[in-house]
Structure formats: structure tokens, C-alpha cells
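Subject: Two-chain model, handover and notes

Hello,

I am passing on the structure we talked about.

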Amino acid sequence: MRRHAPLLLALLLAAATFALALRHVPLRADIADFLPVAQTEESAFLLRELRGGAGTRLLVAGIEGAAEAELARLSRAMADGLRASGLFALVANGPPQPADAEAALLFARRYALSPATTPEAFTEPALRAALETVLDGLRSSAEPLVRRYGFADPTGAFPALLRGWTQEHRIALRDGVWMADGPRALLLMETRAGGMDPDAQAAAAEAARAAFAAAAPAGGARLLLSGPGVFAAAAAEAIRADVRLVSILSATLVAAFLLWRYRSPLLLGAVALPVLLGALAGLLAVQAAFGHVHGAAFGFGMTMLGVAADYPIVVVAHRAPGETARDAARRVWPTLRLAVATSVAGLTPMLASGFPGLAQLGLFAGAGLLAAALAARLLLPALLPAAPPALRPLPGWSLAVVAGLGARRRFVPWLLAGVAVALLIAGAPRLERDIAALSPVPEALRDLDGTLRGQVGAPDVRLVLSVTAPDAEGALAAAERAAAALLAAGAATVLDHPARWLPSAATQRARLDALPDAATLAARLDAARAGLPFRAGAFAPFLEDVAAARAAGPLTPDALAEAPLLAARLAPLLRPENGAWRALLLPEGARDLAALRAAAAVVPGLLIVDIKAETEAMLDAGIAAALRWGAAGAALVLALLLAGRGRAGPRLALVPAGALLLAFAALHLLGERISVFHLTAALLLAGVGMDYALFMSRMTQEDAAEDARALGAVVTCMVTTLLTFGLLALCRTPVLHAMGLTVCLGVAAAFLLACALAPPRPAPR
Amino acid sequence: MRRRALLAAALLPAAPARAQDLLAQVMAALAATPESRAAFVEEKELPELDRPLVARGVLAWRAPDRLEKRTTEPFQERLLVEGDRLLLERPDRGTRQETPLDAAPEIRPLVEAIRATLAGDAATLAAHHEASAAGTPARWRITLVPRSARVRAAVQRITLEGEHGRLLVVETQGRDGRSRLSATPLP
């Protein structure tokens, strides 16, 4: 036992450090990390929206599982709690109900804000008609309402203002709160913190759960919650769960296999150590460079375990009888070194790719492979006892199969050429263009999000128009011009834009200028009153308010402290950005994109972003970039091979190249849509294929025993890799599934090709 | 002497409860009237006007929750409350406005003042108003004070008068105007 102590101690230490690091490294699941750097203004806008736009700050909650009255009570209690928390710019569970202070402010500013403020509305005939309407209203059953506003606002400027605000999708109300079928009470929350702040988003989601719990839900009432914080947590959890399951399963299977082959738990531990150290190095390197680890990079790094395991396996398997582990490591090192160098070279271009996600993948894998190889070369021999037990030999038939493959090597180029031609005829591979399919967020949660958003009337925004100006006033004025042009051309039926909530100062001033002065208005009002039962002073509030509105001037975006509801509605549509101001216009019912573009041409600088088309273009660009960087990596690998192996290099390169070809042909047959994840997996696969080719090339005709050891090492490597990646292919998380399947198919192909293309030799004993 | 003491003991706690008893009796009588029709005259006095406004029409009630006020003078108007729905129709103008009562928290108490009374639904009435009763079951008066401060800013008090299960007068005291609706039961 004593001679095992150093290895056991090192294993324990590495495992504990890894577990500790995993607990403290924040995992992120932002799909935008896997999108390329924006090339056009449209894609730059879209990227900003995906990463931190209004949509990323929106939480939607549903409460269900109880009677309507209880749901309504919970909705109100939860909304009160969330409003008090201060975390949210907007908490809505029913129609906008401005608080008294805000209602008073809006009422005072109604002539500037209301579209009903026109010169015609203040002529004597129009005033006469307005007074008759007021009198009529006083006679009717609506008298309490009419009395409340009629004498201050006989022309109806305030109701017209509110009507302009409520052209939105209507949600059914029960007990004063939004209620969808089910019944399900609905709440909409907008966080103050940006969508880029994962901690704040998680805190907001937690606050929503706490507010629900504090409302003391009775019976079976339960909370459904959706939003960026919930998504991130769920995605991280899904990836963690997938990785946990796969690591346990594959570790068990790999361990069983290695135990059978090595006949020694000691050697098993020796294989695990470099793997653990590699994973730890990858995790820490990415954490140090980026401050967080993307969930996909983490998953990728964990799959790398199966590849990093190759290095210690190769060292142990190449030990000749009577040789020390140290000597074996020294003897294999030149080949091992070249294998690691080519793998890392293949990954290096990803670091420069400019995708944060891809750079993380490259760094994680590169650092991990280097650390594992160094551990296999330097640490492992020191920790192994001088004379470990001999390996169990592979069954003789396996060697015969390999020899049989080698005899048919002349068919390999034909096979590869045939597959290549078939792929060309089959057309371009199907690319994954739906960004949602790449998301690690579980599908059930994405469906829930879609349902909740649909019920709460937050539209699935497909088309966004945007315009920037040096100041808020310019942006508002541009939005007004654009909205007028679009609606006039019939390019959209409904249009939400910031000036709908707060008109530009110029528009407000024009309205105020249209109001008659105090003396003129009083004279017209007196004339309009003739013959009606109103007393002389009845409309004094009206005269006072008009004079006050003229004196007060326009309401500007910086003076909305008293109007939180208006400010909250305005914020997503009008915001400062890089020293300028951006206004967003969200059209509904825009069927004809060409008509929309034609109408939009009236406003210079108006940007039309077709979200779906733009996202697809970006994903395509992402794949194209990954291909470019992959090609750069391949060139590097080839250069290294030529330097290391001279003229045999190109033949070695045929193994990973052929494996890639066969893997993608198989993916095509399986109907997989190719995403950027398949391509990153291809990089790893190429590295693995390279290793096989290199180690098989160690077979010489001179030493049959050494040949058997070389083959045994590669077979062992392949089986462990298949056991790891084969399980990954069963994962639900799209990124893990894509990589598992690709590597699995490719590794099998690479092994067969490496066998077929190994140097010819006599049949084994 | 001892008998009088017992009597007093029996009566004393009952004294505050008597108003509640009366309210309960009136409510029971109203609840026993599932359907009624009455001609009404409504007179509004508003400080902004130099003469009262008068309207006439028919008031129709049907349990459990349908109340219709059909005005015939000075113009045709139909106000219908049924369930959670408030409908205001002006045929002469072709307008028709439907509002869920839930979306109009400031109107609901005014509607329930009459509807919950006609239904004899003391719980709903008490949810929106502080109610007190005076008189006798044969000739009673119920005074309602809205619980909501926002509603109270517009309507301070509603007084309902009636005989047995019939509502005869609704008097609304507003901020500085008042209206009086007198109903004459129709067969």
C-alpha cells in the first residue's frame, strides 16, 4: 500500500481541487457568446439586443392551481412585494393604473401630451359641441365620471391621451388583475439591472419566488416563472445534470474497461490523474482569462477527458516488459509531443476567432491537453512503482482484423473519394439556423416562456425599426416622422414607438402654441355657453389649466421622476447609447416588407432589422468563420507534420481528414443539422484522429511486440473515447449532443483509417 | 325587581345589535323579491348648473345579478349591469360601451350599492360600504358610506329608502351635488 501512497494522495488532491474550482466558477449560458462579431449595423444592433436589450430584462410570471379569487389575491400581493423590492423598473399585473401623483402630472400636462390638442378643438363651434357633450354626460348614468373631469377638460384631451396608450393587446381581467385561461394570473416584470448582469438577473428571479412565497399561497397554487435569470439557471442546471450523468456513467464504463485491460487499479488511478489535472487546468485557464466559464465550454472541456486519457494510456501501454515507466515515457515522448502539438495547433486559431464562446472552447481544450500531456510525461512516471503489472494482451483476432484492413489500404482513397463525391451530389450540409435550437435552455422552459409571453401580450418581435440621434429630442422627433410615414403608407397597422408615450418637445410646443390665450378662450367659452344651463364660473378649472399648460411648456424625458409608469413604458423604446439616443419602433401587422422599406426610406438613418433573417445570417456567418479558423488550424497541423515527419506527413494527415469527411457524411445521413458546435467538435476529432495516425505509424516491421503494444494503445484510446462520446451523443443539451455524435462517428472512422493506413507489416503472432 | 333586571340584561347587549338585526331583516325581505320593475324619476342638482336635471325611465331587477336602468327622457339610454359586465348604450348616438366592473374599481361600489341591496346580499354590500339601517322592516332607511377613500372623494353617502322588499328612493350625496331617484313599483 505504501508504494501506492504518492499516487493516491495526488489523485485525492487533484479531485478535491477540481470539485472546489467547479463550485466557485460561475457558469454562463449566453448563446450570444457563440455569435460572431457584428459586421453590419443591423447585426450590431441585434447582438446588443440579444445580450442586453429590453427583452433580456423581462420576467413573466404565471400563478395557477387555485381559484380565481385566490390567484388574484396572490397576484396583487406578489406585485406589491416586488414593487417594494426596488429591483424592478416595472411590475404590471393589470392595466396601467397611474398612482395619484402621476395621474395628476399627466392631467396637468394633458394639452402638451394629447393628440386631441388641435386648433380646431378650441374654436367656438367646437367648444359649443364639447359643452353640449358635457351636459349630455351629466344627464346620463356616466355622470359621476363626467363631473370628475368634464369641467376641467371639456374637450376630452385626457381621455384621448389615455386612449392612445391602451391600443395594446387586451388581456382578460378578473378581480382587477390579468387572468388567462386555466385560470392563470399573469405578471410582467422588468428588472432595473441589465440582461448582461447574470447575478442581478438571478437575484430578480429569486425575488419573484420569495414574493410569491411571502404572499402565503394556499392550496395548490404554484408559480411559473420565465426570464433571463431563470433561463441561465436552468441551462446551467441542465448542463450540469447532463455532464454529471455522463461523467458518472462513462467513468464507470471506462474504468471497467481499463481495469480489464490493465489488471490493476493502480494503473487506472495513473490514467485518471493527468485527466483530472487537464480538466482543472482548462477550467482555471478559462476562468482566469474570461472571468467566467461558458456552459458549452465547460461541457466541451469535460468531454475532453476522454481524449486527454489517451496520453497516460499511451505511456502505460507502450512500456515493454522489464522497462520502467520513466523509460517508456521518454521513449514515447517524441510521438506524444507531436500529437499534442498538432492537437493544440488545431485549436489555437479558435483563440483568435473573436467569438468569446469559441475562444473559451479553444483555451479550455488547449490548456487541458497541454497539462494532461505534461502530467503523463513528467508526473506519472514519478508516481508509478518501478515494475507495474503487465497489461492483458488484446485478443488475437483484433490484430488479424487490423492486418486485414491494412491489406485493403488501396481501397481507402477510392472510398474517401466516393464519399466526397456523394456528399457533393447531396448538396450543401443542412445548417442549423434556428437560434433557439442551439440554446442550452431546456425545451419545456422555452415553451413555457413562449406561452406566458403570448398570454401577457408581449409580442414575439420579428421586426424592429431603430433610429439614432445625438439627443433624446432628435430621436423622438425621428420616431414621430417614421411612425407617421409608416402608418400613412399602410406598412403597419399598429406601431409602438417612444413618441406614442412622450411626444417630442417640438410636437408638444406646437400643440401648446395652438391653444388660444386666456382672454380669447374665455370669450369663446362664454359665447359657446349661451342658452345652456351652465353657471358662469363652471368651467373656471378649464381656463386655469389651459393657461397653466401654456406656461409650463413641454414635458421632457429627464422630468419623468414623478411619472414612473410613463418612464417605464418609455425606457425600452428610448435609451441613451454610446453618447447618442436610440429610439425603437415595433410594428405589428407588417406583412409587406418591401412596402415597409419603401416607407422607411423617408426617414434617413432608419434601420430595419428583420430579427429572424438577421439571426440566421449571423449563425451562417458564425459557421463560415468557424470553418475559416478550422482551415487555418489544419494548415498549421500540416506544417507541423511536415516538420516532424517529413514526407510521411501528408499520409498521416489523410487519417484526420478522412475521418472528418466520413463523420460529416454520417451526420448528413442521420439528418443532423450542422451547427457551430459540430464544427468545434470536428476540431477535436481531427486532433484525436491525428493521434491515432501518429501512434499507429510507430508500428514497424522490426519489432512485432512493439507493434502489438502500439496497436493496443490506440485500441484502448479508441474504446475509452467511444465510451465517453457515445454517451454524450445521448445528451439532450444541444451542444453536448452535437459534439458527442460528431466525435463518436469520427473516432470510429479515424481508427479504421489509421489501421488501414499504418505501415504494412507481417501478420502478428 | 329581579325580573326587570333579567329583562334589562337580555335587552342591553341586544341594543347595538338591533340595527344589525334590522339590516338583516331588510336584506332578507329584499332577497325574497327575485324580480321587480319600477318607473323612476331622477333629479340631479349640481353646483355648476343653474337648474336641476331630470330624467325618467324604468328600473328592472332580476336575481341574482341583473340590473337594468332604461332611461326614456330626455334621451334613450340603457345601463345594464349583469355579472361582471357593465354596459352603457346610447341608441341615439350609436355608442355602446362595455366595461368589466373589475377594470373600474371606482364604479363598482356605486353599482353594488343598488344591486347588492336589491339582491339582499349583505356580504357584498359590506365589502364596499359601511352600512347602517334605521326605521322598521316596513319602512326602512339604509345609509351607505363607501369604504374606498377614492370613491368617497366623489360620493360621500348613499341613502336608500324602501318598504318591506321594495326599494323606493336612492339618494346620492356627492362632493357638492346630489341626486335623488324615486321609484314607483310597476306591476
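What follows is a summary of the two chains, the sheet, the contact between the chains and a few local features.

Please keep in mind that this is a predicted model. For chain A the mean pLDDT is 81, and 91% of the residues reach 70 or more. Within chain A, confidence is lowest in helix H18 (residues 435–438), with a mean of 68. Helix H22 (residues 505–513) of chain A has the highest, at 92.

The chains

Chain A has 31 helices and 13 strands. Of its 765 residues, 47% are buried. Taking contacts in chain A between residues at least 6 apart in sequence, 82% join residues at least 24 apart.

Chain B has five helices and 11 strands. Buried residues account for 26% of its 187 residues. For contacts in chain B between residues at least 6 apart in sequence, 41% join residues at least 24 apart.

The sheet in chain B

In chain B, 11 strands make up an open sheet with antiparallel pairing, and the order is S6-S5-S4-S3-S2-S1-S11-S10-S9-S8-S7. Its edges are strand S6 (95–100) and strand S7 (129–136) of chain B, each of which pairs on one side only. From one strand to the next, the twist averages 15°.

- Strand S1 (residues 35–45) of chain B pairs with S2(B) in the antiparallel sense over 10 bridges. Ala38(B) has Leu59(B), in S2(B), as its bridge partner.
- S1(B) also pairs with S11(B), in the antiparallel sense and over nine bridges. Here Glu43(B) stands opposite Arg180(B) of S11(B).
- Strand S10 (residues 166–174) and strand S11 (residues 178–186) of chain B pair in the antiparallel sense over five bridges. The bridge partner of Gln173(B) is Arg178(B) in S11(B).

The contact between the chains

How many residues does each chain bring to the contact? Chain B gives 20 residues and chain A gives 18 residues. On the side of chain B that touches chain A, the elements giving two or more residues are strand S2 (53–62) and strand S4 (77–82) of chain B. That side of chain B is made up of 13 nonpolar residues, no polar ones and seven charged ones.

Backbone features in chain B

Most residues other than glycine have a negative phi, and most peptide bonds are trans. The following places in chain B are worth a look with that in mind.

The peptide bond from Ala63(B) to Pro64(B) is cis, with omega near 5°. Pro64(B) sits in the loop between S2 and strand S3 (66–73) of chain B. Another cis peptide bond joins Glu73(B) and Pro74(B), with omega about 0°. Pro74(B) is placed in the loop between S3 and S4 of chain B.

His164(B) is not a glycine, yet it has a positive phi of about 50°. This residue lies in the loop between strand S9 (155–163) and S10 of chain B. His164(B) counts as partly exposed because it has 15 C-beta neighbours inside 10 Å, which falls between the limits of 12 or fewer for exposed and 20 or more for buried.

Local features in chain A

Ala216(A) has a positive phi of about 55° although it is not a glycine. It is found in the loop between helix H9 (198–214) and strand S7 (222–226) of chain A. Is Ala216(A) buried or exposed? Ala216(A) has 10 C-beta neighbours inside 10 Å, so it counts as exposed.

Thr56(A) is in the loop between helix H2 (41–52) and strand S2 (58–64) of chain A. With 21 other C-beta atoms within 10 Å, Thr56(A) is buried, because the cut-off is 20 or more. The C-alpha atoms of Thr56(A) and Gly227(A) are separated by 7.3 Å, while the two residues are 171 residues apart along the chain.

Helix H23 (residues 518–529) of chain A has 12 residues, and at 1.5 Å a residue it should span 16 Å. Its end C-alpha atoms are 16 Å apart, which agrees. Just after H23(A), Gly531(A) takes a positive phi of about 85°.

Regards

How values were computed:
Residues are numbered from 1 along each chain as its sequence is written. Chains are lettered from A and ligands numbered from 1 in the order in which they are written. This is a predicted model: local features need pLDDT of at least 70, side-chain atom pairs count only at pLDDT 80 or more; totals for chains, interfaces and linings use all residues. Helices (H or I, at least four residues) and strands (E, at least two) are DSSP runs, numbered from the N terminus. The expected span of a helix is 1.5 Å times one less than its number of residues. Two strands pair if DSSP finds at least two bridges between them. Axes are lines fitted to C-alpha atoms, for helices over the stretch in contact, and angles run from 0 to 180 degrees between N-to-C directions. Two residues are in contact if their C-beta atoms, placed from the backbone, lie within 7 Å. Ala, Val, Leu, Ile, Met, Phe, Trp, Tyr, Cys and Pro count as nonpolar, Asp, Glu, Lys and Arg as charged, and the others, Gly among them, as polar. pLDDT is the predictor's confidence in each residue, from 0 to 100.
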